[in-house]
Amino acid sequence: MSFQARLLEAGWDPLSAEHFQTIVQNNPKGVAVFDADGTLWDGDCGEALFRTLIREGQIQSTASEQALVRAYVEHCERDVTEAYGWIVQQMAGADVAVVTELADELMKSFVKKMAFPPMVNLFKELENEGWDCWIVSASAGVVVRGGARALGLNPERVL
């Protein structure tokens, strides 16, 4: 089955499938980079991990989950880059192995509900065609790698 036919089968519209077929034919050893949040899946996996870490007692704070999430949202409204730094600071002192385990468990259910199957299929089909495919995200690498594993993608290809 052709690359284009596999994309059609995965739910891509004919025009897009034809366009991707042309790109793959003209670039047999291409590189593709996919954003995680909003491209491979819907939602913010970093925020989902933050909430999970709060619930699991991995965030050392006397503030409630609601107050911490509200503080994060307020940081986002002022400056997203600052917000990402702030959220990571809240994770200081958390056990890396525990965070990794929680991220992996979270992402199994998260991507099951939130993944965009046509995008995941495109990623996999490009890899099958010999392309180097990568995932980039401003979310914490630990949770994005968990998402990659849950989707059957190479977690070492997460930036």
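Select Q58 first: leaving out residues up to four places away in sequence, Q58 touches L53, A94, D95, V98 and L102, where contact means heavy atoms within 4.5 Å. Q58 sits in the loop between α3 and α4 (65-78); helices here are DSSP runs of H or I with at least four residues, strands are runs of E with at least two, and both are numbered from the N terminus. Q58 counts as buried because its relative accessibility is 16%, and buried means under 20% relative accessible area, exposed over 50% and partly exposed in between, with a 1.4 Å probe and protein chains only.

Before moving on, a word on the model. It is predicted, so local features need pLDDT of at least 70 and side-chain atom pairs count only at pLDDT 80 or more, while totals for chains, interfaces and linings use all residues. Residues are numbered from 1 along each chain as its sequence is written, and side-chain values use heavy atoms, with hydrogens and water left out.

**Next stop: helix α6**

Stay with D95, one of the contacts of Q58. D95 caps the N-terminal end of α6, with a side-chain oxygen 2.8 Å from the backbone nitrogen of A97. That is a polar contact, a pair of N or O atoms within 3.5 Å; within protein, one must be able to donate a hydrogen and the other to accept it, and residues adjacent in sequence count only if both atoms are side-chain atoms.

Now select all of α6. Its 19 residues reach 25 Å from first C-alpha to last, close to the 27 Å expected at 1.5 Å a residue; the expected span is 1.5 Å times one less than the number of residues. The buried residues of α6 are V99, L102, A103, D104, L106, M107, F110 and V111.

**Into the core**

Select F34, L40, W41, L49, L126 and I135: of the 49 residues in the largest nonpolar core, these touch the most other members. Such a core is a set of buried Ala, Val, Leu, Ile, Met, Phe, Trp, Tyr and Cys residues joined through side-chain atoms within 4.5 Å. Helix α6 gives this core its largest share, seven residues.

Zoom in on L126, which lies in helix α7 (residues 117-128) and is buried at a relative accessible area of 5%. Beyond four places in sequence, L126 touches F3, V24, A32, F34, W131 and C133. For a sense of distance, draw a line from L126 to V98: their C-alpha atoms are 33 Å apart, and they are 28 residues apart in sequence.

**The two strands**

Strand β1 (residues 31-35) and β2 pair in the parallel sense over five bridges; pairing requires that DSSP finds at least two bridges between the strands. Pick A32, whose bridge partner in β2 is C133. Then colour β2 (residues 132-136) by face: C133 and I135 are on the covered face, D132, W134 and V136 on the uncovered one.

**Last stop: S137**

S137 is in the loop between β2 and α8. A polar atom of the S137 side chain lies 2.9 Å from the backbone nitrogen of S139. Apart from neighbours within four places in sequence, S137 is in contact with D35, A36, D37, V144 and L159.
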